[in-house]
Amino acid sequence: MKLIHGDCIDKMRDIPDNSIDMVMTSPPYDNLRDYGKDFTGWGEHIWKPVLDGIFRVLKDGGVCVWVVGDATINGSETGTSFKQALYWMEIGGKLHDTMIYQKINPMPLNDNRYTPSFEYMFVFSKGKPKSVNLIEERTIYGGSKNNGTYYKKDGTLVEKHGAGKDVKYYKVRSNIFSYPVGGDSNGHPAVFPLKLAKEHIISWSNESDTILDPFMGSGTTGVACHDLGRNFIGIELDEGYFKIAEDRIHEYQSQGRLF
């Protein structure tokens, strides 16, 4: 576990090229939160060099999970998240998957639009992902016979592929992951669920890999790495949040605590 206090744009310059297996992070998007006296606001002047730095330090085949949403300003969503995904492709990366973090218990809002209940989880990659351990879930009809028909584009009615074969008991999950929000915030105003971090780390890395979180916050990614046998580098600008993360991770290390 290597915890670094400072600006991630500067501190990532000390990380060698092509040395990080995976990045698991959620940036402080669209100034929805105040991250203290050292925070200069969120905009292209921050997220472009951050993504540049992430692309440089990732190994070929490395993955960056970028959990992000958009603010609503003057009656319109900013669309910043899409700009970031397009920029990643502009600098040579691939948008491997656009996933959804669905909040089971979102905060209701009195507004003229439906209650916002999700954030994007962009899975950026540097080439073809080298580590893919997709999580599976039990199927409803496992063990029964696969049957049925479907229409081809030309209107021809044909049997489904695998008709008559046994339905598998497990299948790969969809790209919508659902979690409850709230609970223990660990003193940070925008904490993503520990299970979210763990499930992505399992999906896109292997034991003993090195995971980077350039926006460490309260250290959730570090705690997940501790449990899953990954090396961790965390960078945090705000002194207060850095101390929370440091104390939290050291506590789990000293207790040898697993989840």
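The protein exposes about 14100 Å² of surface, and carbon and sulfur atoms supply 49% of that area. The model from which this value is computed is a predicted one. Of the 259 residues in the protein, 44% are buried. The secondary structure consists of six helices and 14 strands.

The buried residues include Leu-194, Leu-196, Ala-197, Ile-201 and Trp-204. Lys-198, Glu-199, His-200 and Ser-203 also belong to the buried residues of α4. As for what covers them, the buried residues of α4 pack against the strands β2 (20-25), β3 (58-68), β6 (94-103), β7 (118-125) and β12 (176-179), and against helix α5 (220-228).

Helix α2 covers residues 44-57 and helix α3 covers residues 80-90; they pack at an angle of about 40 degrees, and their axes lie 10 Å apart. Their crossing is right-handed. On the side of α2, the contact is made by Trp-47, Lys-48, Leu-51, Asp-52, Ile-54 and Phe-55, while α3 contributes Thr-80, Lys-83, Gln-84, Tyr-87 and Trp-88. Sorted by class, the residues in this contact are six nonpolar, two polar and three charged.

Helix α2 also contains a proline, Pro-49. Its relative accessibility is 28%, so Pro-49 counts as partly exposed, a class that lies between the limits of 20% and 50%. Leaving aside residues up to four places away in sequence, Pro-49 touches Ile-9 and Glu-44. The C-alpha atom of Pro-49 is separated by 9.7 Å from that of Asp-10, although these two residues are 39 residues apart along the chain.

Finally, the cysteines may be considered. Cys-8 has a relative accessible area of 7% and is therefore buried, since buried means under 20%. Cys-64 is likewise buried, because its relative accessible area is 0%. How many disulfides does the model contain? With a disulfide taken as a pair of cysteine sulfur atoms within 2.5 Å, the count comes to zero.

Technical notes
Residues numbered from 1 in each chain as written. Predicted model: local features only at pLDDT ≥ 70, side-chain atom pairs only at ≥ 80, totals over all residues. Heavy atoms only, no water. Buried < 20%, exposed > 50% of the residue type's maximum accessible area, 1.4 Å probe, protein only. Helix = DSSP H or I, 4+ residues; strand = E, 2+ residues; numbered from the N terminus. Areas by Shrake-Rupley, 256 points an atom, 1.4 Å probe, with all protein chains shown as cover. Axes fitted to C-alpha atoms, helices over the stretch in contact; angles between N-to-C directions. Left-handed = near helix turned anticlockwise from the far one by under 90°. Contact = heavy atoms within 4.5 Å. Nonpolar A, V, L, I, M, F, W, Y, C, P; charged D, E, K, R; others polar.
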